[in-house]
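Here is a short note for a colleague who is opening this entry for the first time. Please read the points with the structure in view.

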There are 2 protein chains.
Amino acid sequence: MKKPAKISNAVIKRLPRYRRYLNELRRKGVDKISSNEFSRLIGYTASQIRQDLNNFGGFGQQGYGYSVEGLYNEISAILGLDKSYKMVVVGAGNLGRAIVNHTYYHKAGFVVEGIFEVNEKIIGEKINGVEVMNYEGLVEFVEENGIDIGIICTTKDVAQEVADKLCFAGVRGLWNFASVDIETPSHVAVENVHISDSLHSLAYHMNKNNEGKSDN
Amino acid sequence: MKKPAKISNAVIKRLPRYRRYLNELRRKGVDKISSNEFSRLIGYTASQIRQDLNNFGGFGQQGYGYSVEGLYNEISAILGLDKSYKMVVVGAGNLGRAIVNHTYYHKAGFVVEGIFEVNEKIIGEKINGVEVMNYEGLVEFVEENGIDIGIICTTKDVAQEVADKLCFAGVRGLWNFASVDIETPSHVAVENVHISDSLHSLAYHMNKNNEGKSDN
């Protein structure tokens, strides 16, 4: 399968959601699903679904619907989830620990190889079998172990500095949880996660009486 | 200020981001900003910004630009962030702890009043001064304390059951971190946060060589 040159970011952002729903269907042993059924389940219109998936060559058969397993595998490949990734976590606070302890990531091929901290009380500890190391050794570790992704779980004041170090050391992607938008060189991908934004959307929807449902 | 009847969810989802950037400007002592400058900073087109903010009556003055403090306060009020909210956390694992320990929420008026767990080893512990209580007491606590928001930090297998209990007890909003989409009655708002989705988007962008930037 060839990847098309240009797919809008809005479509890319919907793919993980398609994949999640397809995964649930797989687990329930469903083999195929019509675009109408899939629409009811996932909450996008059938036409939206067809349009989105046509970006990648379709996958549906007229009068048959989508093959759940086939579509799941295709979307996984498009997202690059058929590969594995080496990751480091910077910042061993509660959020960093939550990520290291989340067994899903390991099973899905996102493997935490090291955790880095400035707090000497925590250095040397093991979290889910992964050693917490001194932040001073970050660049060397990333270079020597061919780390792909840096996960930033620090305060926002030092997040850009940490990002710069990780980029210098050669990561290809940053997953940033500090509540500031991180800048990267153009060859390094970045996802800035602002967890509070969804709490603020929630507050909005709670204040619209009787229209409380958000749509995410 | 009157709220208009119908604002698209896409606009609502951008408001927290506007607010974050305005807050940074405020902290730096900036009084006003033109829509062009604001556009360069936040990465939306100036026309998009004008269109978004016109949903709420504008706030800009011709030849002057936007008042940073004024716009920040208006967006905060639209989002309902001029009020305070009582919250409970269900599940005192690492993610639950991260939320309880994040002092931002408390300062912003989102106050965690109680934490609930089934694990007896943790019940009775205090996290950031908040007591971990037996899950069996959840409904009574929510009712008696007029809790507004339930935060679900459990595994996905029990998340819907926890959500049902919280809705029954009278919360007006659910902030769900279990990796399954939660269903609620129409009067209860819900935000399903799927942290892994952004990791999957990151993987996609890392595999598009030299187009590594995502746009979030």
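1. Surface. Chain A exposes about 10200 Å². Carbon and sulfur atoms supply 46% of that area. Accessible areas come from the Shrake-Rupley method with a 1.4 Å probe, and for residues only the protein chains shown count as cover.

2. Basis. This is a predicted model, in which local features need pLDDT of at least 70 and side-chain atom pairs count only at pLDDT 80 or more, while totals for chains, interfaces and linings use all residues. Residues are numbered from 1 along each chain as its sequence is written, chains are lettered from A and ligands numbered from 1 in the order in which they are written, and side-chain values use heavy atoms, without hydrogens and water.

3. Chain A overall. It holds nine helices and ten strands. These are DSSP runs, numbered from the N terminus: helices are H or I with at least four residues, strands E with at least two. Of the 216 residues in chain A, 54% are buried (under 20% relative accessible area, 1.4 Å probe, protein chains only).

4. Helix packing. In chain A, helix H1 (residues 9-27) packs against helix H3 (residues 46-54) at an angle of about 110°. Their axes, lines fitted to C-alpha atoms over the stretch in contact, are 11 Å apart. The angle, on a scale from 0 to 180 degrees between N-to-C directions, makes H1(A) roughly perpendicular to H3(A) (65 to 115 degrees). Val11(A), Arg14(A) and Tyr18(A) in H1(A) meet Gln48(A), Ile49(A) and Asp52(A) in H3(A) (contact: heavy atoms within 4.5 Å).

5. Ala169(B). This residue lies in helix H8 (residues 156-169) of chain B. Ala169(B) counts as buried because its relative accessibility is 9%. Leaving aside residues up to four places away in sequence, Ala169(B) touches Val139(B), Val142(B) and Glu143(B).

Notes
Buried < 20%, exposed > 50% of the residue type's maximum accessible area, 1.4 Å probe, protein only. Parallel < 35°, antiparallel > 145°, perpendicular 65-115°, else oblique.
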